[in-house]
Amino acid sequence: MYKIDTQNVDFYYGDFHALKNISMQISPNTSVAFIGPSGCGKSTFLRLFNRMNDLIPGTKLEGKIYIDERNIYDKSENVDRLRKNVGMVFQKPNPFPKTIFENVAYGLRVNGVKDQSYIEETVVKTLQQVVLWDEVKDKLKESAFALSGGQQQRLCIARALAISPSILLMDEPTSALDPISTGKIEDLIHQLKEQYTIVIVTHNMQQAARVSDKTGYFYLGELIEYGDTRKIFTNPEKESTQNYITGRFG
Amino acid sequence: MMISEQEELKIDARKNTTQRAVFAFFTFLSYCVVAILFTILGFIIIKGIGVISWDFLTKAPEEGMTEGGIYPAIVGTLYLVLGSSLISFPIGIMSGIYMNEYATNGKLIRFIRIMTNNLSGVPSVVFGLFGMALFVNTMGFGDSIIAGSLTLALLSLPLVIRTTEEAMKSVDDSYRHGSLALGATKLQTIRRVVLPMAFPNIITGLILSVGRVSGETAPILFTVAAYFLPQLPGSIFDQCMALPYHLYVISTSGTDIEASRGMAYGTALVLVAIILIVNLLANALRTYFAKKVKMN
């Protein structure tokens, strides 16, 4: 059984054909990296999994996307519940202008959790999970904006994990961070893939090699190659993949 | 083509001089604006401060409005500001939220926006006339606080809508996306994330509208303002006095215009002071909420 199963997906921004006939299967508790040059469609493809592309007017989807064997674009699908199950971390850290505590509690509150002791427990647990607890335990009531960029991004990961998703989407989560913060996030991804299915879009080839079990290479809206990360980076089948990962273009 | 070092220096000097001259001119102009403002304020203060006293602020006009105070007019203006705000703030804020967050039909939005802009361009005396026809006569409120408040609310609505819309627009989409991605509904996102962030800017708009409403004369002329009314209004269906109209009356059609000249400047000073206090209050509120938004 696949965690995410896409079948013949085509996607359009107005007249622009952004994704071309993409079929991809992702197994549970694996981490998958999407690589490819800017504008290749990898972020667009990622945002289909939690239907964030719905927010852009004038888009059109063809084909089927199943998560846990449910067609997530079916009319009966509850988008809010889907997004609760499919968490997302964005390119730029975007904590809310609230306290550190309230940032993590936010997802619980909007999903109707009232039990204060459960909320407190979850906030502590998830902050420990993203290895931020020791740094913030004395300032939970302070603004999240007071944290550094790397801390903010870990806070955003904690915020996503607090509502117990089974899938975590990460859209270039370290592109705005320094190398040390990047290292911390990558360590975190390593731990998280034991419990979650992780899909990460990255421009950083070493990062893809370090954190993912499988890699998909996208070019001009097509999925050129998809397979074990080790194989993609050592012995790719397609010349285009070879050229990209060796830095000949991109 | 080569430029000699000497020529290059000359060009640099010329660029520098031009830049300095232009900025000096700009600076001069902006100081002029400030100077004009202070001149007006100074003029009103010097002419009006003499009549300001406790009695002036707490007593009704006496002796054909050449003596006594302006208490009923102060209270009337406060009632009208309060009344019109109660009507225009909720409607305006909700419309602004709808236009920026919910409406998806681009053509419809553009149409509404053009219409609200046109509405804000309508001369205030026309609002007064319309208010008289609709609220005073057709709806039968008569000359009353409710009719005046409704008319003033219509006048200030475009400003409230527009500033709410702009304030919501200035909140970066990444916050909306962050909230939606956590399974929050659009309404939860607006209420818990967008509105608190937009609130300091919305308040600015509301205060600007209060400033405008408290100074308007024409819209209240046919709908509520009384020439002279020694007692305070008993209900929202009564007439009341109001500062701007009172100023107009004692400057142009009082029983003894020369004798009430001092009263006129005093009235103007009180009006300006009220608007100034409201503005300062708004700034304080704005700072307070801007801080609060970051902390909660």
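Let me start with a turn in chain A. Strands S1 and S2 of chain A form a hairpin, with two residues between them. One residue in that turn, Gly14(A), has a positive phi of about 60°. Please keep in mind that this is a predicted model.

S1(A) covers residues 4-13 and S2(A) covers residues 16-26. The two strands run antiparallel and are joined by seven bridges.

What does Tyr13(A) pair with in S4(A)? Its bridge partner there is Thr59(A). Phe11(A), for its part, stands opposite Leu61(A) in S4(A). S4(A) spans residues 59-67, runs antiparallel to S1(A), and is joined to S1(A) by eight bridges.

Next, the sheet as a whole. In chain A, four strands make an open sheet in the order S2-S1-S4-S5, with antiparallel pairing. S2(A) and S5(A), the latter at residues 70-71, stand at the edges with a single partner strand each, so one side of each has no neighbour in the sheet.

Last, the contact between the chains. How many residues does each chain bring to the contact? Chain A gives 25 residues and chain B gives 19. On the side of chain A that touches chain B, three helices each supply at least two residues: H2 (79-85), H3 (100-110) and H6 (149-161). By type, the residues on that side of chain A are 11 nonpolar, six polar and eight charged.

How values were computed:
Residues numbered from 1 in each chain as written. Chains lettered and ligands numbered in written order. Predicted model: local features only at pLDDT ≥ 70, side-chain atom pairs only at ≥ 80, totals over all residues. Pairing = 2+ DSSP bridges. Contact = placed C-beta atoms within 7 Å. Nonpolar A, V, L, I, M, F, W, Y, C, P; charged D, E, K, R; others polar.
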